[in-house]
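Below is a short note for a colleague who has not looked at this structure before. Please read it with the model open.

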Amino acid sequence: MKNKFVSADIMILILATIAIGFGAVAAFLNPFIAGVAAIALVVVVLIIVMNARTSRKIIKSIFYGSGKNSNLQQLNFENLKLPVAIVSKDTIVWYNNTFKEDILGGIDSYLSQVDKIFPDFEIEQSCEKNGQGIVVGKKEYTVFSSMPTGDTKLWVSYFVDDTNYKHDQREYRLSKPVIVQIAVDTYDDVLKELKESTRAQIMAKLDQMIEDLVLSNNGLVNKFGTSRYSVVLEERHYDNFSKNHFEILSKAKEVGGEYSVTLSIGVGKGGMDFAENHLLSRQALDMALGRGGDQAVVKTNDGYEFFGGNSRSVEKRSKVRSRIVANALKDIVLQSSNVLIMGHKMSDLDSIGSAVGIASVVKCFERKANIVINEDKTLAKNLIEWVKQDDDMKDVFISQEKAMNLIEKNTLLIIVDTHTARMAEVTEICEQCRRKVVIDHHRKMVDYISDTVVSYHEPYASSASELVTELIQYILPTNSRLSPFQAGALLSGIMLDTRNFSEKAGVRTFEAAAYLRRQSVDIADIMRLFAVPKDIYSAKSQLVNMAENYRGVAISMSDDVSEELQLAVPQAANDLLMLEGVEASIVAIRAGDTVRVSARSLGSVNVQVMMEYLGGGGHLTMAGAQIKDITLEQAREKICESIDNYISKQEKN
């Protein structure tokens with residue numbers, strides 16, 4: 001049957017319009033004829049109604065048969081308690097009594113258009129496995145339709161009333177627990193040093209602010225310790241709690257006034273139960289603290305989501321953790337057969353300097369120490385050659401191939417200046433070594449190395465060399481000293497990442513530098529490590545000249561910088577910050593199938609967030625990324641996307 005039904009109301013409208021037109025003309029010519037036309041119109045309407053009923057009977061006979069016996073033998077849709085309708089494309093051509101009563105409210109809508117009764121109904125979607133959900137009045141249905149076969153373009157649609165089920169489903173989802181962990185991350189280093197009365201006033205205001213926010217969302221809050229809060233909410237109230245990208249972060253700063261009060265928030269949601277969400281919230285809080293604090297991190301089973309994080313990390317003045325880590329590291333080294341030390345790809349002065357510092361400590365305990373390095377791809381060739389002049393260090397640098405042969409059951413791998421396996425000098429070594437230690441100062445990334453025996457991760461520190469210098473002071477025997485080469489390597493790393501102590505240099509940074517200066521370091525030797533050949537200086541100047549300003553970010557890109565000149569990239573990024581109207585800089589070059597990106601900022605722009613968008617990471621003011629299998633033009637588009645994404649998030653905040 002190749003029927004294409006036309007809606008009855010359309011037929012009536014067309015015929016009525018024609019009849020009225022003729023009637024108007026007839027009335028103008030002769031009133032008697034107008035009366036005849038009116039009678040004719042009534043007759044036409046009666047004929048249409050009768051034909052509609054006849055069509056309904058014909059359709060019914062198609063589905064049920066015309067005889068009494070055939071009606072008993074076939075499926076009787078009419079008496080089915082489930083609403084059923086037969087649809088021909090966009091027209092309802094038949095429905096049973098249950099459909100008429102439950103869905104149409106007892107009103108006959110035979111041959112009506114589907115979209116007039118169900119505006120959102122899609123017949124193709126209802127043919128899929130899960131059907132289509134629709135709302136009719138106060139009830140909710142899931143519609144399942146059978147696909148038409150042969151030449152018959154008719155769909156049989158079943159309407160399943162699952163109002164109660166969907167209500168319970170929504171209620172279950174909205175009542176799921178959300179666990180929030182809140183920490184005052186400046187308490188120990190700022191508030192604790194205030195007068196008792198001042199600190200009590202600030203904490204009382206903070207307590208009241210958090211309690212008011214939680215109670216207004218029907219949650220529970222419990223304070224434990226002096227600066228930690230645990231909050232339990234229902235999913236239905238979470239959006240209000242986290243509105244405006246966790247405005248509680250900015251309100252906490254207002255509470256502190258002239259004193260620095262910042263919060264770190266970890267949210268665990270989407271887990272199966274309270275225990276899982278509590279674990280997720282703790283992981284989220286650790287991530288927030290590892291990224292410098294003053295931010296909220298939401299952890300679900302699908303990953304992390306970040307809010308805030310535009311403040312500089314507050315320097316921790318207590319060295320208790322340094323002493324604890326130093327003792328733990330000493331014990332682990334003594335339990336190891338040999339130690340491999342490794343920095344990040346395209347190693348720099350900080351990466352090599354901190355590695356040399358760790359190697360000097362390991363050698364004090366008569367354990368074999370080697371630094372894994374790709375000397376063909378490093379930005380610290382000057383430092384490596386200089387350190388090799390030290391008799392204790394001349395054989396410490398080895399290649400990947402030699403390192404793989406040294407891996408044993410009790411080999412200890414110490415990773416410095418990075419905390420992700422993919423950014424380490426040799427990823428395979430990370431996978432092969434069972435015992436790992438991480439020492440890093442970069443803000444924490446989601447793919448951090450988690451299976452460590454010791455993790456010393458402090459984003460407040462200026463450099464990995466600063467962290468290693470602090471550890472050395474607790475580990476090194478009192479009768480031992482660093483050689484000028486070893487101390488100089490560490491000092492060069494600190495000077496690189498602080499830009500000669502002009503940026504992110506705190507009290508502990510200068511204390512570490514002072515300790516290294518006491519090891520007979522010649523500053524002239526250190527300054528020579530920063531000297532660059534003329535061709536690198538020229539490449540840097542060319543990158544600066546090529547820069548363009550995009551929304552306050554200077555972008556320079558080139559595919560004409562060779563491997564030997566890649567040291568010019570971070571230097572150009574630093575120099576671009578001196579240009580007027582520039583708050584951040586991004587320099588990218590193409591090297592083989594990889595585009596290497598270096599980003600810097602003056603502090604008002606978080607380049608770490610920008611680089612994370614590209615798969616990299618780093619610090620608020622210093623970050624980088626490596627993008628594989630991409631053209632330079634495509635890389636530029638992604639860099640602009642990362643800037644747009646960052647600015648749009650800041651505008652929302």
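Predicted model: local features only at pLDDT ≥ 70, side-chain atom pairs only at ≥ 80, totals over all residues.

1. Cysteines. Across the whole structure, a search finds zero disulfides. Cys 430 takes part in none, and its nearest cysteine sulfur, that of Cys 433, lies 7.7 Å away.

2. Cavities. Five cavities of 30 Å³ or more turn up in a search of the whole structure.

3. Lining of the second largest cavity. Its lining consists of His 441, Ser 462, Asp 497, Glu 503, Lys 504, His 619, Thr 621 and Met 622. By class, one of these residues is nonpolar, four are polar and three are charged.

4. Sheet. Six strands form an open sheet with mixed pairing, in the order S18-S19-S20-S21-S23-S22. Strand S18 (548-550) and strand S22 (617-618) are at the edges; each has a single partner strand, so one side of each has no neighbour in the sheet.

5. A pair within the sheet. In general, the strands of a sheet pair through backbone hydrogen bonds, parallel or antiparallel. Strand S20 (residues 584-591) and strand S21 (residues 594-601) are antiparallel, and eight bridges join them. Ala 591 faces Thr 594 in S21.

Notes:
Residues numbered from 1 in each chain as written. Heavy atoms only, no water. Disulfide = S-S within 2.5 Å. 1 Å grid on protein atoms, 1.4 Å probe; cavity = no way out; pocket = protein on both sides within 12 Å on 5 of 7 lines; lining within 4 Å. Points joined across faces, edges and corners; volume = space filled by probe spheres on them. Nonpolar A, V, L, I, M, F, W, Y, C, P; charged D, E, K, R; others polar. Pairing = 2+ DSSP bridges. Helix = DSSP H or I, 4+ residues; strand = E, 2+ residues; numbered from the N terminus.
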